[in-house]
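I opened the model and kept notes as I went.

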Amino acid sequence: MTCWSWGRHLQVGMGGMAESPSGPWYRDGLRFECSRCGNCCTGPSGAVWFTAEEGQAMAAMLGVSEATFHRTYARQINGRWSLREHASPQGLDCVFLTRDTSGKSGCRLYAARPRQCGTWPFWAENVVSPQMWEAVKRQTPCPGMGSGPLVTIEEIVARLT
Ligand code: SF4
């Protein structure tokens, strides 16, 4: 499963923050359009962190108690809650990753997914430099990064915070 707070697929050095007096390197925006390949939700073991409020929202969407949600769908890593993962032909899938008959991925809890999922790939660690952006794109691999409509710097910053 992808999505460590450091993306699970990030095994590359971060390098220095590429910021100039005129703003960050992505000041003109970045292109992104999800192709629903599902790569960001599978692969090597990782974590999908969620807050107490996010856990309550996911439990409510499933119609189960918070305790049942934690017991069935979550695990604790160093005192923090993460979603569970399970093995699939693609790697270790997030417990809520779905695939349709055409292979397109989806999320069983899309409307209540944790912020970590909704802000991908615009994580602070991913946009620290253009080299890191390209490395994450290549290593995930995420074909949506660098393609599709332009995401403005304002939209990127809103997802970073
Ligand atoms: S890896 Fe990128 S293109 Fe594939 S599902 Fe995730 S966000 Fe979408």
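How do the residues of the shell around the ligand divide into nonpolar, polar and charged? I got 6 nonpolar, 6 polar and 1 charged. My classes: Ala, Val, Leu, Ile, Met, Phe, Trp, Tyr, Cys and Pro are nonpolar, Asp, Glu, Lys and Arg are charged, and the others, Gly among them, are polar. The shell holds 13 residues, with C34, C37, C40, C142 and G144 the closest.

Ground rules. This is a predicted model; local features need pLDDT of at least 70, side-chain atom pairs count only at pLDDT 80 or more, and totals for chains, interfaces and linings use all residues. I number residues from 1 along each chain as its sequence is written.

Overview. I found 5 helices and 10 strands in the protein chain. These are DSSP runs numbered from the N terminus: helices are H or I with at least four residues, strands are E with at least two. Of the 161 residues, 32% are buried. Buried takes 20 or more other C-beta atoms within 10 Å of a residue's own, exposed 12 or fewer, and partly exposed lies in between; C-beta atoms are placed from the backbone.

Helix pair. I checked α1 (residues 52–62) against α2 (residues 66–73): their axes come within 9 Å and cross at roughly 95°. Axes are lines fitted to C-alpha atoms over the stretch in contact, with angles from 0 to 180 degrees between N-to-C directions. The two helices are therefore roughly perpendicular, a label for 65 to 115 degrees. G55, Q56, M58, A59 and L62 in α1 meet E66, F69 and H70 in α2. Contact means C-beta atoms, placed from the backbone, within 7 Å. This contact divides into 4 nonpolar, 3 polar and 1 charged.

I followed β4 (residues 74–77) into β5 (residues 80–83): they run antiparallel, joined by 4 bridges. Pairing takes at least two DSSP bridges. Q76 has W81 in β5 as its bridge partner. The hairpin leaves 2 residues between the strands. N78 in the turn is not a glycine, yet has a positive phi of about 50°. N78 counts as exposed because it has 6 C-beta neighbours inside 10 Å.

R36, not a glycine either, has a positive phi of about 65°. R36 sits in the loop between β3 (30–32) and α1. I also logged cis peptide bonds from W120 to P121, omega near 0°, and from T140 to P141, omega near -20°.

Key. Parallel < 35°, antiparallel > 145°, perpendicular 65-115°, else oblique. Contact = placed C-beta atoms within 7 Å. Near = placed C-beta within 6 Å.
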